[in-house]
Every structure is written in structure tokens, then in C-alpha cells.
Amino acid sequence: MTIPMLDVGAQNAPLADELRAAFDRVLSHGQFILGPEVAAFEREIAAYLGVGHAVGVSSGTDALLVALMALDVGPGDEVITTPFSFFATGGCISRLGATPVFVDIEPTTFNLDPAKVAAAIGPKTKAIVPVHLFGQTCDMRALRAVAGELPLVEDAAQALGAASDEGKAGALGALGCFSFFPSKNLGCFGDGGLVTTNDAALAERVRVLRAHGAKPKYFHALIGGNFRLDALQAALLRVKLPHLDAWHDARRRNAARYDAAFAAAGLPAERLTPPLRVYEGHVYNQYVIRTDRRDALLAHLGERDIGCAIYYPLPLHLQGCFASLGYREGDLPVSERAAHEVLALPVYPELGDAGVDHVAETVVDFLRRS
Ligand SMILES: *Cc1c(COP(=O)(O)O)cnc(C)c1O
């Protein structure tokens with residue numbers, strides 16, 4: 001039984017006719033840049049998220065970049081974020097000439113530790129970028145309490161539709177940043193992203209920055225870039241968005257089935273710790289276990305044609321490109337330990353009970369013997 005890490009084909013196949021119809025619509029109206037498709041998608045996804053404004057952009061990375069630009073982040077500023085994330089989170093801060101300040105995570109959720117954020121805030125802090133890692137929101141209430149007036153920019157690339165007890169990701173901070181990269185819960189057919197906010201003035205800044213800072217066209221009060229979402233991607237995303245909640249339910253069902261299988265196995269915590277679900281609204285972009293046999297388990301699953309992946313093998317503060325920031329191994333031990341112990345198992349909606357059972361059995365058998 002071959003089980004991939006992700007099966008985008010299985011997700012798109014049932015929608016093929018509708019997707020083709022959306023393509024044909026764009027082909028016939030010929031408005032490829034912004035226009036009615038992007039505007040309609042922005043309205044529909046803003047309603048889905050319960051947020052005032054949604055601005056389609058070219059990728060999750062560009063969403064982060066343009067959100068930080070809208071806040072005027074630049075040289076001399078510090079931006080606090082997590083080292084246990086995809087590179088874009090830290091990269092965008094540096095690209096604007098600001099300094100990323102990496103703060104350690106909570107061991108249970110892999111998300112920023114609010115108490116450690118509080119200790120890192122200083123006179124140069126301009127913003128905080130919490131990442132809702134693996135599809136579960138951070139403790140935004142605690143983060144807001146420590147942030148005070150400082151804006152929180154949610155990196156919700158893995159958390160579209162994820163909710164805490166307060167509401168959905170992307171509506172819980174000053175700005176929310178999403179990705180439609182194919183491996184995210186709502187994937188497009190290439191690159192795409194979104195910025196959300198409840199602040200009309202910030203939304204307007206993001207819109208202007210998205211098209212070279214021009215307002216009106218050819219008159220530039222700001223220096224922006226080409227950060228536009230393609231009309232074709234928007235049209236295709238409009239087909240997929242109505243199915244997102246059902247896909248989330250399937251991911252949660254898969255996760256619950258793993259949880260039950262792993263609990264029944266009764267292995268010691270260091271050998272196998274399933275992910276902690278703090279909020280009902282976890283959307284399991286990834287189902288990530290911890291194990292002290294990580295590398296051996298990775299190899300074992302690979303030999304048995306079961307897809308799995310390490311998110312992330314090297315925390316950002318130890319990346320070569322950030323060497324000049326002066327971090328050393330041991331500085332952020334919770335993230336460093338996670339990098340050695342985490343393994344993401346397949347959890348995609350179409351995996352099904354038999355798929356989950358096969359993966360869970362293979363994992364448990366191996367860890368019991370090792
Ligand atoms: C995927 C991802 C991004 C970047 O999104 P792209 O659309 O690939 O540019 C940023 N942050 C996190 C946490 C991500 O998972």
C-alpha cells in the first residue's frame with residue numbers, strides 16, 4: 001500500500017468539470033490581472049473568515065512582505081517571531097532591512113511562547129509575527145496582552161479556516177497572511193496568497209502596495225511591488241473554497257483516528273507523542289508527532305512507501321543566512337529539540353480510515369520494536 005504525503009490529484013479530480021468551467025470563463029472574459037474574479041474571491045473569502053477586508057496577493061511569502069511593508073517595517077526595527085517555521089516568516093523581516101528577533105516556542109503546540117515574547121519586547125520592537133503552525137492558532141489572547149499596542153501579524157499560511165475560541169485565524173491580529181501553495185489546506189494551481197485585516201486604512205495600504213504603490217495608476221506615493229493574485233488562480237480558488245470546511249472535517253477525523261491508535265498503543269511519551277489539540281478549530285495542515293527515533297522512523301516509512309516529512313529540520317536562528325545575527329546552538333532549546341524529534345504523517349482529507357490505520361500500525365510496530 002503506497003501512501004503519499006499529499007494527494008492533490010485526489011482532491012481536484014472530483015472538481016475537474018467545475019475547474020475547467022472556471023478556466024473557460026477567464027479565457028473568454030480575458031481579464032487576467034485582478035478584475036472581477038479576484039474581487040469576487042476576496043469578497044467570498046472575507047465572508048468565510050469573518051474579516052472586514054481580504055486582499056489577494058501573489059504568494060504567502062508576499063503576503064508577509066506586503067503586510068510588514070504596510071506597517072512601515074524597515075531598517076532599525078526589530079520584529080519578534082518564531083524560529084520554528086517555514087523560512088519565509090523570518091526571511092521577509094530581513095528582506096525589509098529589519099532584524100528578526102527569534103523567540104522560543106511552547107513544547108506542546110510548537111507555537112510562540114507568550115511569556116518569552118514579553119521578555120523580548122524592547123524599544124525597537126515594531127511588530128510581532130506569530131505563526132499558527134501546522135493549522136492550530138497561537139494563544140492570541142495571551143500574545144495580545146503582552147503586545148499591548150504593537151501590531152500582531154498572523155502568519156496563517158498553514159491555518160486558513162483554523163479557529164481558536166475567539167474566532168478564525170486572520171481576524172485575530174492587525175493583519176493576517178495566508179498562502180494558497182498547493183500543500184496548504186486550500187491550494188491553488190501555482191502560487192497565491194492573501195492578506196486580511198479589519199482595519200480599512202491598512203487594507204487600503206496593502207491594496208496600493210500590491211500594485212507598485214500606485215494610486216492612481218502611474219502616480220506613486222508609496223514604493224510597492226507586483227504582489228497581485230492572478231485572476232485565473234482566483235477563479236479556480238472560488239471553485240475550491242466551498243469545499244474547505246468538509247476537507248477540514250476529514251483532516252480532523254484522520255487526526256482523531258491517529259490519536260486513538262497512538263493512545264491505544266501506550267508507548268512512552270519520548271517514543272511517541274501525538275500533537276496536542278488545544279482548540280477544536282485545529283485544521284491539521286500537518287499532523288506532527290514527536291519521537292526520539294525520528295530519523296529511523298523516517299527511513300522505515302520511506303522503505304514502506306509511506307510519505308512523511310520533517311517540518312522543520314533546522315530552526316531559523318541557526319540558518320546560515322542568519323549567522324550574522326549571532327545566535328548559537330542552545331539559545332532556543334525548545335525549537336532545537338523539536339527540530340530533532342518532529343515527523344509529519346500524511347493527514348490529507350482523502351487519506352481515509354484504511355490509510356490512517358495502515359500508517360498508524362506501521363509507526364506503532366516500528367516504535368515498539370526499536
Ligand atoms: C507556506 C508558508 C509560507 C509561504 O507561503 P508561500 O505561498 O509558499 O510563499 C509562509 N509561512 C508559513 C508558515 C508557511 O507554511
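**Notes on selected residues**

1. Cys92 is buried, at a relative accessible area of 1%. Its place is in helix α5, which spans residues 87-95. The model discussed here is a predicted one. Beyond its neighbours within four places in sequence, Cys92 is in contact with Thr61, Leu64, Leu65 and Leu68. Met69 is 23 residues away from Cys92 in sequence, and the two C-alpha atoms are 9.7 Å apart in space.

2. Helix α5 also has a part in the strand arrangement. Strand β2 (residues 78-81) pairs with β3 in the parallel sense, over four bridges. Going from β2 to β3, the chain passes through α5, and this β-α-β crossover is right-handed. One of the residues to look at is Glu78, whose bridge partner in β3 is Thr99.

3. Asp104 sits in the loop between β3 (99-102) and α6 (114-120). What is the nearest side chain of opposite charge to Asp104? That side chain is Lys116, 4.4 Å away. Asp104 is buried yet has no salt bridge, because a salt bridge needs the nitrogen and the carboxyl oxygen within 4 Å. The side chain of Asp104 does make a polar contact of 2.6 Å with the side chain of Ser335. Among the residues in contact with Asp104 are Leu112, Asp113, Leu332, Pro333 and Val334.

4. Phe110 belongs to the loop between β3 and α6. Its phi is near 65°, a positive value in a residue other than glycine. Phe110 is buried, with a relative accessible area of 6%.

5. Leu34 has a positive phi as well, near 50°. This residue is in the loop between α2 (16-29) and α3 (35-49). Leu34 is partly exposed, with a relative accessible area of 21%; the cut-off for buried is under 20%.

6. Gln136 is in the loop between β4 (125-129) and α7 (140-147). Is Gln136 buried or exposed? Gln136 is buried, its relative accessible area being 2%. Its side chain reaches the backbone nitrogen of Val278 at 2.8 Å. Not counting residues up to four places away in sequence, Gln136 also touches Thr109, Asn111, Leu276, Arg277, Tyr279 and His282.

7. Two peptide bonds deserve a look. Most peptide bonds are trans. The bond from Lys215 to Pro216 is cis, with omega near -10°, and Pro216 lies in the loop between α8 (200-210) and α9 (231-240). The bond from Tyr311 to Tyr312 is cis, with omega near 10°. Tyr312 is in the loop between α11 (294-303) and α12 (333-341).

Key: Residues numbered from 1 in each chain as written. Predicted model: local features only at pLDDT ≥ 70, side-chain atom pairs only at ≥ 80, totals over all residues. Heavy atoms only, no water. Helix = DSSP H or I, 4+ residues; strand = E, 2+ residues; numbered from the N terminus. Buried < 20%, exposed > 50% of the residue type's maximum accessible area, 1.4 Å probe, protein only. Contact = heavy atoms within 4.5 Å. Lys, Arg positive; Asp, Glu negative; His and termini not counted. Polar contact = N/O pair within 3.5 Å; in protein donor to acceptor, adjacent residues only side chain to side chain. Pairing = 2+ DSSP bridges. Right-handed = clockwise from strand over helix to strand, strands pointing away.
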